[in-house]
Amino acid sequence: HRIVEALDLIPGMAVADIGAGTGFYTFLFAHKVGASGKVYAVDISDNFIKNILRIGSEQGLNNIEGIINNQKSTNLTPDTIDLAFMCDTYHHFEYPQATLASIYQALRPKGRLVIIDYRKQVGISSSWVMSHVRLNEKTVIKEIETAGFSLISQQDFLKSNYFLTFEK
């Protein structure tokens with residue numbers, strides 16, 4: 001809930017939960033942006049999207065749209081979102097520049113990209129993180145800035161993860 005509060009979501013916003021998985025954040029976002037807002041649950045797994053839509057419908061959340069993406073694109077329509085959110089997803093990107101370009105074009109002017117992912121620190125991070133996560137925080141920042149984004153803030157309240165906010 002502290003993560004959601006740090007996003008400063010307001011009713012009417014359009015948010016993309018990229019790598020939505022089980023929909024944990026999707027549902028929290030749907031409540032925050034309200035009926036006048038929109039949440040795009042974006043995931044590569046058709047089964048995850050179907051499940052999110054089913055649960056959302058059962059909960060009366062009519063502001064969720066499911067999008068099945070691929071390794072190179074989020075499949076979001078240009079200029080439709082105010083915030084792109086990824087939690088423990090960025091390290092999975094096989095084609096980061098293509099995916100980032102897709103996110104960039106989906107964001108409205110001054111739209112934000114938030115990335116929360118595992119800290120990769122020699123001697124501190126687990127062996128799983130060291131072998132599974134492709135980049136450390138500094139390199140992630142460089143990669144995202146290369147795609148045209150500007151880092152505007154870093155939160156430090158998470159123990160094992162970094163929390164970065166970029167602007168289009």
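## Threonine 26 and its helix

In which helix is threonine 26 found? Threonine 26 belongs to helix H2, which covers residues 24–33. Please keep in mind while reading that this is a predicted model. Threonine 26 has a relative accessible area of 0%, so it counts as buried. Setting aside neighbours within four places in sequence, threonine 26 is in contact with Asp17, Ala20, Val39, Ala41, Ile52 and Ile64.

How many of the ten residues of H2 are buried? Seven are, and the helix is mostly covered. The buried residues are Tyr25, Thr26, Phe27, Leu28, Phe29, Ala30 and Val33. They pack against helix H1 (2–6), strand S1 (14–18), strand S2 (38–43), helix H3 (46–58), strand S3 (64–68) and strand S4 (81–87). Just after H2, glycine 34 takes a positive phi of about 70°.

The largest nonpolar core has 27 residues. Those with the most contacts inside it are Leu7, Leu9, Tyr25, Phe29, Ile64, Phe85 and Ile116. Two or more residues each are given to this core by H1, H2, S2, H3, S4 and strand S5 (107–118). Which element gives the largest share of this core? That is H2, with six residues.

Leaving out neighbours within four places in sequence, tyrosine 25 is in contact with Ile3, Val4, Asp17, Phe85 and Cys87. Apart from the 27-residue core lies another core, of 26 residues. Among the members of this other core are Val42, Ala84, Tyr162 and Phe166.

Now for a residue outside the helices and strands. Proline 11 lies in the loop between H1 and S1. Is proline 11 buried or exposed? Its relative accessibility is 61%, so proline 11 counts as exposed.

Proline 11 and valine 33 are 22 residues apart in sequence, yet their C-alpha atoms are 3.9 Å apart in space. With neighbours within four places in sequence left aside, proline 11 is in contact with Lys32, Val33 and Ser36. Of these contacts, Val33 is one of the buried residues of H2.

## One face of H4

Helix H4 spans residues 96–106, and its buried residues are Pro96, Thr99, Leu100, Ser102, Ile103 and Ala106. Seen down the axis of H4, these buried residues fall within an arc of 155°, so they line one face of the helix. An α-helix has 3.6 residues a turn, so residues three or four places apart point the same way.

## The S6–S7 hairpin

Strand S6 (150–155) holds glutamine 154. Strand S7 (161–167) pairs with S6 in the antiparallel sense over five bridges, and a hairpin through five residues joins S6 to S7. Which residue of S7 is the bridge partner of glutamine 154? The partner is leucine 164.

Glutamine 154 has a relative accessible area of 47%, which makes it partly exposed. Glutamine 154 and phenylalanine 166 are twelve residues apart in sequence, and their C-alpha atoms are 9.1 Å apart in space. Phenylalanine 166 is also among the residues of the 26-residue core.

## Salt bridges

The structure holds seven salt bridges. One of them pairs glutamate 65 with lysine 38, with the closest N and O atoms 3.4 Å apart. Because glutamate 65 lies in strand S3 and lysine 38 in strand S2, the pair ties together parts that are 27 residues apart in sequence. Glutamate 65 is partly exposed, at a relative accessible area of 33%, and lysine 38 is partly exposed too, at 28%.

Another salt bridge joins glutamate 167 to lysine 110, where the closest N and O atoms are 3.7 Å apart. Glutamate 167 lies in strand S7 and lysine 110 in strand S5, so this pair ties together parts that are 57 residues apart in sequence. Glutamate 167 is partly exposed, with a relative accessible area of 22%, while lysine 110 counts as exposed at 59%. Within helix H3, lysine 50 and aspartate 46 are four residues apart, so about one helical turn separates them. These two residues form a salt bridge with the closest N and O atoms 2.9 Å apart. Lysine 50 is exposed, with a relative accessible area of 51%, and aspartate 46 is partly exposed, at 30% relative accessibility.

Technical notes. Residues are numbered from 1 along each chain as its sequence is written. This is a predicted model: local features need pLDDT of at least 70, side-chain atom pairs count only at pLDDT 80 or more; totals for chains, interfaces and linings use all residues. Side-chain values use heavy atoms; hydrogens and water are left out. Buried means under 20% relative accessible area, exposed over 50%, partly exposed in between (1.4 Å probe, protein chains only). The arc is that of the directions from the helix axis to the C-beta atoms. Contact means heavy atoms within 4.5 Å. A nonpolar core is a set of buried Ala, Val, Leu, Ile, Met, Phe, Trp, Tyr and Cys residues joined through side-chain atoms within 4.5 Å. Two strands pair if DSSP finds at least two bridges between them. A salt bridge is a side-chain nitrogen of Lys or Arg within 4 Å of a carboxyl oxygen of Asp or Glu.
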